[in-house]
Amino acid sequence: MYHTLTTLTHRLLAGLDLIGLWLGQLSLRLVLGWEYFEAGREKFLGENWFADIQERFPFPFDTIPADLSWQLATGFELVGGIALVLGLATRFFSLSLIVLTVVAILSVHWPESWQTLAELGQGYVITDDGHGNFKLPAIFLAMLLPLLLLGPGRLSLDHWLRRRLERST
């Protein structure tokens, strides 16, 4: 009985592992790709407000002209969002979007002033009530990290291109 249960558990977990290779990172890529594309689309259709907060950008981003910074952020969100959905250059765009998100947290989402960890923790929210609102971008960072470290998963153009390259060499 114990051996049968152990074998069944092992097979179930192996099946989940196999499904995870195909769907695990895909789910991250789809959600993040959509969210970053939407953010880029809002910037593309909206007004540039980076000049109003440029002094809050961390170095060296505070030295880049606001118009160029706006265009770069918009482009990386639009193109990076599409690339994540397709699983194309996933590690490059994951790293790029991590940098962009850290800059956004430090410039826009981080509380302006805090003295204690409890005060900082008040900014770990989705809505802004005057204490910052860095929860969602922090979640995005946590979701981008596996894509950077593990890659896009098997259901991606990166995986397909890598296999084709390996076969040709």
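A crossing is left-handed if the near helix is turned anticlockwise from the far one by less than a right angle, and right-handed if clockwise. Helices are DSSP runs (H or I, at least four residues; strands are E, at least two), numbered from the N terminus. The model is predicted, so local features need pLDDT of at least 70 and side-chain atom pairs count only at pLDDT 80 or more, whereas totals for chains, interfaces and linings use all residues. Residues are numbered from 1 along each chain as its sequence is written, and side-chain values use heavy atoms, with hydrogens and water left out.

**Exercise 1. State how confident the prediction is, and where confidence is lowest and highest.**

Step 1. pLDDT is the predictor's confidence in each residue, from 0 to 100. The protein averages 92, and 99% of the residues score at least 70.

Step 2. Helix α5 (residues 117–121) has the lowest confidence, at a mean of 83, and α3 has the highest, at 97.

**Exercise 2. Describe the packing of α4 on α6.**

Step 1. Axes are lines fitted to C-alpha atoms, for helices over the stretch in contact, and angles run from 0 to 180 degrees between N-to-C directions. For helix α4 (residues 90–109) and helix α6 (residues 135–150), the angle is about 160° and the axes are 9 Å apart.

Step 2. Angles under 35 degrees count as roughly parallel, over 145 as roughly antiparallel, 65 to 115 as roughly perpendicular and the rest as oblique. The two helices α4 and α6 are therefore roughly antiparallel to each other, and α4 passes α6 in a left-handed crossing.

Step 3. Contact means heavy atoms within 4.5 Å. On the α4 side the contact residues include L97, I98, T101 and I105, and on the α6 side they include L141, L144 and L148. By class, the contact of α4 with α6 comprises 13 nonpolar, 4 polar and 1 charged residues. Here Ala, Val, Leu, Ile, Met, Phe, Trp, Tyr, Cys and Pro count as nonpolar, Asp, Glu, Lys and Arg as charged, and the others, Gly among them, as polar.

**Exercise 3. Characterise the contacts of α1 with α3 and with α6.**

Step 1. The axes of helix α1 (residues 2–45) and helix α3 (residues 66–86) come within 7 Å and cross at roughly 150°. That makes α1 roughly antiparallel to α3, and their crossing is left-handed.

Step 2. Among the residues that meet are W34, F37 and F44 in α1, and W70, L78 and V85 in α3. The contact of α1 with α3 contains 14 nonpolar, 4 polar and 4 charged residues.

Step 3. The axes of α1 and α6 come within 10 Å, with a crossing of roughly 125°. That makes α1 oblique to α6; the crossing of α1 and α6 is left-handed.

Step 4. Residues that meet here include Q25, L28 and Y36 in α1, and F140, M143 and L147 in α6. The contact of α1 with α6 has 10 nonpolar, 1 polar and 2 charged residues.

**Exercise 4. Decide whether Q25 is buried or exposed, and list what Q25 touches.**

Step 1. Buried means under 20% relative accessible area, exposed over 50%, and partly exposed in between (1.4 Å probe, protein chains only). Q25, found in helix α1, has a relative accessible area of 13% and is therefore buried.

Step 2. Not counting residues up to four places away in sequence, Q25 touches G20, L147, L150, G151, P152 and G153.

**Exercise 5. Which backbone features mark P60 and A89?**

Step 1. P60 lies in the loop between α2 and α3. The peptide bond from F59 to P60 is cis, with omega near 5°.

Step 2. A89 is placed in the loop between α3 and α4. Phi of A89 is near 55°, a positive value in a residue other than glycine. With 31% relative accessibility, A89 counts as partly exposed.
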